[in-house]
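Please look over these comments on the charged side chains. They go point by point.

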Amino acid sequence: QVQLVESGGGLVQAGSSLRLSCAVHGRTYTTHAIGWLRQAPGKEREFVAAVNWNGFDTFYSDSLAGRFFASRDTAKNTVYLQIDSLKPEDTAVYFCAALNPGLPLSMATNQHEYVYWGQGTQVTVSS
């Protein structure tokens with residue numbers, strides 16, 4: 001069993017930066033890649049980024065690459081999502097989730113391959 005708890009969301013101005021955290025707990029923590037996904041109001045949930053079990057490899061959505069940076073601190077059992085140059089269209093609930101063990105990071109775009117989810121953290125960007 002793996003538990004994930006997101007934090008770091010809030011109300012921010014356009015152009016600013018934000019770092020979201022995902023605290024991961026569980027004995028099998030290091031076997032799972034962790035993905036970040038988001039869901040904007042009235043839209044489907046979409047993949048943002050993923051980081052592998054040791055933090056040495058990352059994978060990003062083609063449409064969002066360049067402003068989003070995923071990282072992992074295995075000593076702190078925490079995964080991060082740095083978001084730069086925030087835009088109002090980045091307003092969404094951001095979720096972290098644990099990918100099915102053994103899958104390549106390219107599978108992180110498939111939401112059905114995640115086995116554990118956090119509750120999400122709201123990010124609201126004002127113009």
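The points below take the salt bridges one at a time, then together.

1. The model is predicted. The count of salt bridges comes to three.

2. Start with Arg-38 and Glu-46. Their side chains form a salt bridge, with the closest N and O atoms 2.6 Å apart. Is Arg-38 buried or exposed? Arg-38 counts as buried, at 7% relative accessibility. Glu-46 is partly exposed, with a relative accessible area of 31%.

3. Arg-38 also meets Asp-90 in a salt bridge, at 2.9 Å from N to O. Arg-38 sits in strand β4 (residues 34-39), while Asp-90 lies in the loop between β8 (78-83) and β9 (92-99), so this pair ties together parts 52 residues apart in sequence. Asp-90 is buried, and its relative accessible area is 0%.

4. Asp-90 has a salt bridge with Arg-67 as well; here the closest N and O atoms are 2.8 Å apart. Which parts of the chain does this pair link? Asp-90 is in the loop between β8 and β9, and Arg-67 is in the loop between β6 (58-60) and β7 (68-73). The two residues are 23 apart, and the parts they link are distant in the chain. Arg-67 has a relative accessible area of 16%. That is under the 20% limit, so Arg-67 is classed as buried.

5. Now take the bridges together. Shared partners join Arg-38, Glu-46, Arg-67 and Asp-90 into one network. Arg-38 pairs with Glu-46 and with Asp-90. Asp-90 in turn pairs with Arg-67.

Key
Residues are numbered from 1 along each chain as its sequence is written. This is a predicted model: local features need pLDDT of at least 70, side-chain atom pairs count only at pLDDT 80 or more; totals for chains, interfaces and linings use all residues. Side-chain values use heavy atoms; hydrogens and water are left out. A salt bridge is a side-chain nitrogen of Lys or Arg within 4 Å of a carboxyl oxygen of Asp or Glu. Buried means under 20% relative accessible area, exposed over 50%, partly exposed in between (1.4 Å probe, protein chains only). Helices (H or I, at least four residues) and strands (E, at least two) are DSSP runs, numbered from the N terminus.
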